[in-house]
Amino acid sequence: MPSSNALLANHQNLAPRDGELFLLPAFYPLVVADKYLQKLMQNLAWQTEQIHLYGRWVPVPRLMAWYGDPDADYRYSGVDHQPLPWTTDLQPLRSDAEAVCQQPFNSVLANLYRNGRDSMGCHADNEKELGPNPLIASLSFGETRLLRFRHAHSRTTVEIELSHGDLLIMAGELQHHWRHELPKTRQVKQARINLTFRRIVSTPNSPGLSAAR
Ligand SMILES: O=C(O)CCC(=O)C(=O)O
Ligand SMILES: [Fe+2]
């Protein structure tokens, strides 16, 4: 099914079924991406989050930060998060993502993978607060890393390399049928930042649906 978004209609859907995945390589040219990488690294309020796993708290293998409009509460890794206010570095990135996706975003989850030992476990971004078929815009800066999608029933995998300045858009029914992970790798020594712009459409009133990641 073609995308309902005219700007994305020219792009190939990388998901063979049950959802939409669009990659816009080098969405930001090198010098612009370099500037953002440096600023985000320095200026975001990076923290080690803890998740509750099998009865104990363990640190997640990456640093995280959550920004957004004041009412954009979000529950991830099983914990409620109040957003920090938008920063001057994040605002233009949000506007650019909104222009391409033709929808507003009221929040962004930032992840910093310090090196190849940092990772994100298999999950779907299917929290209730995101609504039934969320469109998520994911910007990558820094080291190239592999994002692996696995279809829930067929076990088909789709692997996408995400590089400095790339924009990946996840949309349609993708989060119902596919899970994704950012595996650890021995090859990578440098840091990568990922920003996922999201639209929170309701406040959390029940436990998050996602598996620990
Ligand atoms: O780092 C990435 O590219 C993936 C991030 C992700 O899946 C998430 O924040 O939900
Ligand atoms: Fe995700």
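Which strands each supply at least two residues of the shell around ligand 1?

1. **The ligand shell.** The model is predicted. Three strands answer the opening question: strand 7 (107-113), strand 13 (178-182) and strand 14 (192-198). The residues around ligand 1 are Leu109, Asn111, Met120, Asp125, Ser138, Leu147, Leu162, His180, Leu182, Asn194 and Thr196. By type, the shell around ligand 1 holds five nonpolar, five polar and one charged residue.

2. **The annotated span.** The UniProt record, an unreviewed entry, lists residues 104-201 as "domain: Fe2OG dioxygenase". Residues 104-201 are 49% strand and 4% helix.

3. **The nonpolar core.** The largest nonpolar core has 48 residues. Within this core, Val108, Ala110, Ala137 and Ile169 touch the most other members. Take Ala110 as an example. Setting aside neighbours within four places in sequence, Ala110 contacts Leu44, Met64, Ala65, Tyr67, Ile193 and Leu195.

4. **Strand 4 against strand 7.** Strand 4 and strand 7 run antiparallel and are joined by six bridges. One pair to find on screen is Ala65 with its bridge partner Ala110 in strand 7.

5. Strand 2 covers residues 50-53. Strand 3 covers residues 56-59, and it pairs with strand 2 in the antiparallel sense over four bridges. Leu53 stands opposite Arg56 in strand 3. The two strands form a hairpin, with two residues between them. Look at Tyr54 in the turn: its phi is positive, about 45 degrees.

6. **Gln50.** Which residues does Gln50 touch, not counting residues up to four places away in sequence? They are Trp57, Val58 and Pro59. Gln50 itself lies in strand 2. Why is Gln50 classed as partly exposed? Gln50 has 14 other C-beta atoms within 10 Å, and the class is partly exposed because that count falls between the limits of 12 or fewer for exposed and 20 or more for buried.

7. Gln50 and Leu174 are 124 residues apart in sequence. In space, their C-alpha atoms are 27 Å apart.

Notes
Residues numbered from 1 in each chain as written. Chains lettered and ligands numbered in written order. Predicted model: local features only at pLDDT ≥ 70, side-chain atom pairs only at ≥ 80, totals over all residues. Contact = placed C-beta atoms within 7 Å. Near = placed C-beta within 6 Å. Nonpolar A, V, L, I, M, F, W, Y, C, P; charged D, E, K, R; others polar. Core = buried A, V, L, I, M, F, W, Y, C linked by C-beta atoms within 7 Å. UniProt positions renumbered as here; feature names shortened; annotations may be inferred. Pairing = 2+ DSSP bridges.
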